Amino acid sequence: MPSQEWTLMGKLVSQIYSRADAEPFREPVDWKTLGLFDYPQLIKKPMDLGQIKKKIEKEQYTTLHDAAEDVRLVWKNCMQYNADGSDFFKLADSLKKRFEDRYAKLLKELNIPPQTGGSGGTGGSGSGSSSGRGAAPVPTLDEKRTFAKNLYKISKEELGKVIVDLDAGCPEAITKNSAEDQVEINVDNITPESFQSVNTYVSKCVSDASGRKKKSTGGNKTKKARTS
């Protein structure tokens, strides 16, 4: 018999699942039928609400935070594959905020501390932590400045991935200005764990771009993002 916390978590996921606007997220993306042949290349870990419901029912998650990470992955995958401003992107963003609001209330009701360190890992939980990794080091001022400068050196698609990753794992670092169609990344608000992840990705993108520029040079790209 499931415990109270899993009964409530299952109910929360079911409530999101049963929403009419959540229909696109109930089953795996049928990319073959839809002709989305680049989907497997861009989305490395597909996830859907139906799969999460079944895993909760079969008690396959270790902590509530593990289940929540899979829910976040549903929105993250959609926002990564679809263009910012598209209907699917907006829908995923709306459901993400709705879920996070209800999940925060659930944790408070159960007296479980929120997960730290952003998304993509198995963070702490109300039933103890089993993570063997140490905390990420706090980035230096020079590292922050280099990261901010490198954001202007990567492609629009690469920048979009950084924004999606931060929005999912460290939303306090993202400020959206819909009127100007801009996204501001506040580097000072990025947690050490999230910074380590996105900085590694951005540094690799810059390094790869430098290798390509040895063969051909191109103009500077303008990006709808600002850094503090």
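Visitor: Are helix 1 and helix 4 roughly parallel or antiparallel to each other?

Guide: This is a predicted model. The axes of helix 1 (residues 4-18) and helix 4 (residues 49-57) come within 10 Å and cross at roughly 160°. Angles over 145 degrees count as roughly antiparallel. Helix 1 and helix 4 are therefore roughly antiparallel.

Visitor: How do the residues of the contact of helix 1 with helix 4 divide?

Guide: Helix 1 brings Trp6, Met9, Gly10, Val13, Ser14, Ile16 and Tyr17, while helix 4 brings Leu49, Gly50, Ile52, Lys53 and Ile56. Gly counts as polar here. The residues divide into eight nonpolar, three polar and one charged.

Visitor: Does Arg72 count as buried or exposed?

Guide: Arg72 lies in helix 5 (residues 64-81). Leaving out residues up to four places away in sequence, Arg72 touches Glu100, Tyr103, Gln115 and Ala168. The cut-off for buried is under 20% relative accessible area. Arg72 has 12% relative accessibility, so this residue counts as buried.

Visitor: How far apart are the end C-alpha atoms of helix 6?

Guide: Helix 6 (residues 87-110) has 24 residues. At 1.5 Å a residue, helix 6 should span 34 Å. The model agrees, with its end C-alpha atoms apart by 35 Å.

Visitor: Which residue just after helix 6 takes a positive phi?

Guide: Leu110 is one of the buried residues of helix 6. Just after helix 6, a positive phi of about 60° is taken by Asn111.

Note on methods
Residues numbered from 1 in each chain as written. Predicted model: local features only at pLDDT ≥ 70, side-chain atom pairs only at ≥ 80, totals over all residues. Heavy atoms only, no water. Axes fitted to C-alpha atoms, helices over the stretch in contact; angles between N-to-C directions. Helix = DSSP H or I, 4+ residues; strand = E, 2+ residues; numbered from the N terminus. Parallel < 35°, antiparallel > 145°, perpendicular 65-115°, else oblique. Contact = heavy atoms within 4.5 Å. Buried < 20%, exposed > 50% of the residue type's maximum accessible area, 1.4 Å probe, protein only. Expected span 1.5 Å × (residues − 1).
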